[in-house]
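Please open the structure in a viewer and keep the selection tool at hand. The stops below are meant to be visited in order.

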Amino acid sequence: MIFSGFFFEIFYVLFSHIEDVEIFQNKEDKSMEKYLKFDDQVTVLTKHKELQQYLQFRKENDVWVQPYIKETTVVGIEDHPLFLSQYFLSNGIELNDESNECVKDTGMFLTFPMNGERKIYPTRHTAFTSICQRAGLSGPTISNFIGSAFKKVLPVTEKASWLTRGFSLYMQKCKILIRDGKISAMMSNGYSILPADELVGALEKELKKEHKDMKMLSATISHEYLNIDYLLNDKDADSSFSLLLKDFGLDENVKTGIGFATSDVGLSRAYVYPFFMTENGYKTRFGDSAGVEHEGKNSVDTFVQLLPRVDSLFKEAENQIEKLGNTDIDSISSTVRNIVDDNKSLFPKSFAEDVVAALSSQPGTAIDVYLALNEIVENYIASRGNDPTLALTLKDRLSKYLYINIKKYDC
């Protein structure tokens with residue numbers, strides 16, 4: 001039989017403090033019902049009704065459990081096909097697609113008291129970092145799953161023992177998210193759960209106060225993020241912003257919008273940001289964002305209180321775009337190349353070269369430079385299958401370039 005951890009620790013966690021566990025949803029366990037069938041699945045919704053159905057599914061089927069960290073154990077299962085069913089049986093693991101997928105990924109299963117009995121669930125990759133954090137462990141030895149000629153991988157059973165031992169040292173509670181048949185996250189007790197359906201409902205209500213024709217453009221869903229883009233459909237706002245851009249050489253009519261993003265696995269705060277979309281569907285994020293962290297006393301009400309600031313994000317961004325439009329650049333291509341060379345992690349050189357080659361070496365303005373940087377990032381994101389985690393991370397970093405001193409790269 002494959003068991004992880006030390007015997008006395010497992011004996012302790014199996015029988016202690018079960019009555020102290022708090023279940024956030026008082027209902028029968030629906031956590032095995034799935035919306036996303038695979039761990040790396042990305043789904044794009046284009047109808048608001050579909051978004052509402054997704055949010056309702058999450059509300060009804062997500063389960064948050066709050067056990068003590070010391071009561072939680074990690075079981076590691078090695079991927080040995082001939083003995084896999086025996087390993088599952090020995091550890092009380094159900095033989096299903098979720099468990100098989102877990103073994104081929106990290107091989108980590110989490111067991112904890114729930115509803116008066118001990119449960120065991122497979123974990124998905126989104127949970128691994130937070131599991132290590134709850135155990136107080138970090139570094140390549142625990143996180144590495146791919147070996148090389150110079151570095152071996154710690155067996156998954158030993159990793160599970162280390163994590164279980166780490167758990168035994170912590171007296172606090174944690175917050176575990178069970179979603180689509182697996183553990184998606186193991187957050188600290190200080191993590192603030194911000195239900196997506198309530199956040200989205202509050203945002204849409206606020207936007208419609210000033211933009212009654214606002215409509216959802218698309219919603220991108222993964223196990224790491226929920227990202228929604230709304231077009232404001234405000235003729236005055238669209239016209240004003242189009243005229244501003246035309247003053248600086250972008251001779252297209254654009255539509256303005258507001259994006260929203262949140263992560264239930266600890267990757268991000270819940271936040272909103274402005275963007276504009278050209279007639280051919282090309283989207284550019286601009287300006288700052290506004291949001292709340294999933295921590296402390298922050299709640300949906302905290303998020304609601306910042307929403308009146310959303311419209312001011314456009315005004316602040318317009319002022320900065322005007323500033324960039326009035327900043328003369330002697331050579332657009334050279335300036336873009338210098339910025340790329342200074343930050344290759346954000347602007348991959350292979351994608352930058354194509355954009356730079358198409359740019360004029362003639363004078364222009366800083367807004368030309370920013371739009372070229374945006375094109376590099378967009379092309380890279382498209383090449384990676386429009387992964388929402390990558391897209392949101394890179395675009396958030398890119399938006400900071402609206403505020404840097406671009407002139408200093410013009411040399």
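The model is a predicted one, in which local features need pLDDT of at least 70 and side-chain atom pairs count only at pLDDT 80 or more, while totals for chains, interfaces and linings use all residues. Residues are numbered from 1 along each chain as its sequence is written, and side-chain values use heavy atoms, with hydrogens and water left out.

**The whole chain**

Colour the chain by secondary structure to display 15 helices and 16 strands. These elements are DSSP runs numbered from the N terminus, helices being H or I with at least four residues and strands being E with at least two. Along the principal axes, the C-alpha atoms fill a box of roughly 70 × 55 × 35 Å. Of the 411 residues, 52% are buried; buried means under 20% relative accessible area, exposed over 50%, and partly exposed in between, with a 1.4 Å probe and protein chains only.

Now zoom in on strand 4 (residues 73-76). Four bridges join strand 4 to the antiparallel strand 5 (residues 108-114). T73 stands opposite T111, and G76 has M108 as its bridge partner. In a regular strand the side chains alternate between the two faces of the sheet. In strand 4, T73 and V75 on one side and V74 and G76 on the other are all buried, so that both faces are covered.

**The largest pocket**

Select D229, K283, N386, A391 and K395, which lie nearest the centre of the largest pocket among its 19 lining residues. On a 1 Å grid over the protein atoms alone, a pocket is an open set of points with protein on both sides within 12 Å along at least five of seven lines, and lining residues have an atom within 4 Å of a point. The volume of this pocket is about 470 Å³. Helix 15 supplies the largest share of the lining, four residues.

**The second largest pocket**

Move to R58, D62, W64, P195 and A196, the residues nearest the centre of the second largest pocket, which has 24 lining residues. Its volume is about 380 Å³. Helix 2 (48-61), strand 7 (174-179) and helix 8 (196-210) each give two or more residues to this lining, and helix 2 provides the largest share, four residues.

**A residue in helix 12**

Finally, select T335 in helix 12 (residues 332-342). Is T335 buried or exposed? T335 counts as buried because its relative accessibility is 0%. Leaving aside neighbours within four places in sequence, T335 is in contact with I329, V369, I406, Y409 and D410.

Methods. Pairing = 2+ DSSP bridges. 1 Å grid on protein atoms, 1.4 Å probe; cavity = no way out; pocket = protein on both sides within 12 Å on 5 of 7 lines; lining within 4 Å. Points joined across faces, edges and corners; volume = space filled by probe spheres on them. Contact = heavy atoms within 4.5 Å.
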